[in-house]
Amino acid sequence: MVLTPHALVSQLGYHVSSSLEVQAQKIIKNTKGFDKFSKHIITLHEDLLPLKGFISFSNSVDKLKIKCDIIALNSESVEEFHKIVQNWSAKYKVEIQKVNSSTYYIVGH
């Protein structure tokens, strides 16, 4: 099962609109091998929520970003966030790009 633009928008908690669906379509096209790992994106999103982490659309590039609110977390939780992201990336062979201490971009398979 591959996430459709509509499903991606709604399952990441956005209010569904045509502009967000267009943005989701661009992200899907811009993400190498999206169909190979798309069904695991929502699971990662849900796993990160207790750590003040989430997956969202980037405002600056057509990519999904994985982010956490470092200010709200202690150092152990920040380490756990990075561990979960790294393990997910390795398990599903997803290339990620570290942007800063609290953000990654999902590059593709």
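User: How many residues apart are F34 and F37 in helix 3?
Analyst: They are 3 residues apart in helix 3 (residues 34–37), so about one helical turn separates them. Helices are DSSP runs of H or I with at least four residues, strands are runs of E with at least two, and both are numbered from the N terminus. This is a predicted model, where local features need pLDDT of at least 70 and side-chain atom pairs count only at pLDDT 80 or more, while totals for chains, interfaces and linings use all residues. Residues are numbered from 1 along each chain as its sequence is written, and side-chain values use heavy atoms, leaving out hydrogens and water.

User: How many aromatic pairs are there in the whole structure?
Analyst: The search finds 5 aromatic pairs. One of them is F34 with F37, which is edge-to-face at 5.9 Å centre to centre, with 65° between the planes. Rings of Phe, Tyr and Trp (its six-membered ring) pair if their centres lie within 6.5 Å; planes under 30 degrees apart are stacked, over 60 edge-to-face, and the rest tilted.

User: Are F34 and F37 buried or exposed?
Analyst: Both are buried (under 20% relative accessible area; exposed is over 50%, partly exposed in between, with a 1.4 Å probe and protein chains only).

User: What about F81 and Y104, how is that pair arranged?
Analyst: F81 and Y104 form a tilted pair, 6.3 Å centre to centre with 40° between the planes. F81 sits in helix 5 (residues 75–92) and Y104 in strand 4 (residues 103–108), so the pair ties together parts 23 residues apart in sequence. F81 is buried at 0% relative accessibility, and Y104 is buried at 3%.

User: Which residues make up the aromatic cluster?
Analyst: F34, F37, W88 and Y92 form one cluster.

User: New topic. Which residues of helix 4 are buried?
Analyst: In helix 4 (residues 41–48) they are I41, I42, L44, H45 and L48. Seen down the axis, they fall within an arc of 160° (taken from the directions from the helix axis to the C-beta atoms), so they line one face of helix 4.

User: What do they pack against?
Analyst: The buried residues of helix 4 pack against helix 1 (5–11), helix 3, strand 1 (53–57), strand 2 (64–68) and helix 5. Contact means heavy atoms within 4.5 Å.

User: And which residues of helix 2 are buried?
Analyst: L20, A24, I27 and I28 are the buried residues of helix 2. They cover an arc of only 100° around the axis, which puts them on the same side of helix 2.

User: Which exposed residues are on the face turned away?
Analyst: S18, S19 and K29 are on the face of helix 2 turned away from its buried side.
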